[in-house]
Amino acid sequence: MTPVSSHSPHGQSSLRTVQVLGGGNAGSSAHVRSLTSGLVARGVRVTVCAPAEADRTYDFSGAGAEHVHVPRSSDPTSVAVLRAACADADLVHAHGLHASFRAVLALSGRRTPLVVTWHDRAYAEGARAHFVRLLERRVVKAAAVVLGSTSALVDRARSTGARDARLAAVALPGPRGAVEQEDPDRLRPKVRAELGATGRPLLMAVGSLDKHRGYETLLDAARAWRLLDPVPLVVIAGEGPLRTLLQGRIEDEGLPVRLIGRRDDITELLAAADLALLPSRWEARSVLAQEAFHARVPLVATAVGGIPELVGDAAELVPYGDPGALAEAVVRLLGDPGHQELLRERGVRQAATWPTEDETVAQVLSVYDELTQHRPLI
């Protein structure tokens, strides 16, 4: 795609987009930061509406965007603030269900095109699941285009009533900044020693301590690994409502598992691991899976959501909620260095098929172009 000029023909000013974030999802926030950088480089004016803490973490302002603090959805002022921020936007692009619903409310009565990206599913059970479906229906019917990060999300949007739903090109953003990373081979023993995994296999899981992550199944599987010599250590990086329950089980059952809370050195932790584990009930475009492949770490994951589509034949896939299958896959892989190396090679090839950040920006710009034809972008 030809780079976008910051000045449209006939003296028109450049396109102005508003990116709307709820601020609670790390994957979508990193995506918006990457997207913002690419759009600004192509002459598009970008305003990011997100909680202040999201801007502190992802530095949208540093990427060239104007940042507008919009409180989380529970704050009654959020829609009013968002409506004011979108007043002269040519197009609004919302990320995630709750941010998208607020954008729909903020654009009520206006003809501003709305693009929605679904990075993941909203998790809900019982009566709340019905409420979530109502929100989804309201959002997709108001959106001009819905972009889904997986085929399953595209199908969900279509079945919910989307006029136009497409598979999104969503890249895994690269690290910000140009600081040289320490040599992984030198760093690995240091990280393993810090975690207590010297002389034993290190199994790494990353993600919030929520029910849908499947960590209770992971603890069930860890019982079987106590019989191995040496005993593998499972390390879970993340924080959430299940911490007390999980920590209680680890202590009561003597499980070889450590909860280390939120970390900002996930790349280094993964690079030090022998295997990466993803036992979730649902995943879309799992950041952990992508980072594991880039780090050349074999992955054992559940065959759910967008995982099979994302990883192809480059990971060991097991059913969700089956601790026996998870335990057996890990034991088999730890005992087969040749298969580990095969998965590493497949992972590198699979990662090469994923979209780049430039391709992600190009797709989004093509959608914007369709919806703002009065203001050519290319």
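The points below go through a predicted model, from the whole chain down to single residues.

1. Overall content. The chain is made up of 15 helices and 13 strands. Its radius of gyration is 22 Å, close to the 21 Å from the globule rule for 378 residues, so the chain is as compact as a globular protein of that length. The C-alpha trace spans about 70 × 45 × 35 Å along its principal axes.

2. Burial and surface. Of the 378 residues, 50% count as buried. Taking contacts between residues at least 6 apart in sequence, 65% join residues at least 24 apart.

3. The six-stranded sheet. An open sheet is formed by six strands in the order β10-β9-β8-β11-β12-β13, with parallel pairing. Its edge strands are β10 (257–261) and β13 (316–318), each of which pairs on one side only. On average, neighbouring strands of this sheet are turned by 25° against each other, direction ignored.

4. The β9–β10 pair. Strand β9 (residues 233–237) runs parallel to β10 and is joined to β10 by four bridges. Within β10, Leu-259 is the residue opposite Ile-236.

5. Strand β11 and its partners. On one side, strand β8 (residues 202–206) pairs with β11 in the parallel sense over two bridges, and Met-204 stands opposite Ala-276 in β11. Strand β12 (residues 299–302) also pairs with β11 in the parallel sense, over three bridges. Here Ala-276 stands opposite Leu-299 in β12.

6. Faces of β11. In a regular strand, side chains alternate between the two faces of the sheet. Strand β11 (residues 275–278) has both faces covered: Leu-275 and Leu-277 are buried on one side, Ala-276 and Leu-278 on the other.

7. Helix α4. Is this helix enclosed or open? Seven of the 10 residues of α4 (residues 97–106) are buried, so the helix is largely enclosed by the rest of the structure. The buried residues are Leu-97, Ala-99, Ser-100, Arg-102, Ala-103, Val-104 and Ala-106; note that Arg-102 is among them. They pack against β1 (16–21), α3 (78–85), β4, β5 (114–118) and α5 (127–142).

8. His-93. This residue is found in strand β4 (residues 91–95), one of the elements against which the buried residues of α4 pack. His-93 counts as buried because its relative accessibility is 0%, the cut-off being under 20%. Leaving aside neighbours within four places in sequence, His-93 is in contact with Val-18, Gln-19, Val-20, Leu-35, Val-115, Val-116, Thr-117, Leu-147, Val-364 and Tyr-368. With Tyr-368 there is also a side-chain polar contact of 2.7 Å.

9. Tyr-368 and Thr-372. What lies 2.6 Å from the backbone oxygen of Tyr-368? A polar atom of the side chain of Thr-372 does. Thr-372 lies in the segment after α15 (357–371) and is buried, with a relative accessible area of 0%. Tyr-368 therefore has a polar partner through its side chain, in His-93, and Thr-372, at 0% relative accessible area, is buried beside its backbone oxygen.

Notes
Residues numbered from 1 in each chain as written. Predicted model: local features only at pLDDT ≥ 70, side-chain atom pairs only at ≥ 80, totals over all residues. Heavy atoms only, no water. Buried < 20%, exposed > 50% of the residue type's maximum accessible area, 1.4 Å probe, protein only. Polar contact = N/O pair within 3.5 Å; in protein donor to acceptor, adjacent residues only side chain to side chain. Contact = heavy atoms within 4.5 Å. Pairing = 2+ DSSP bridges. Axes fitted to C-alpha atoms, helices over the stretch in contact; angles between N-to-C directions. Rg over C-alpha atoms; globule rule 2.2 N^0.38 Å.
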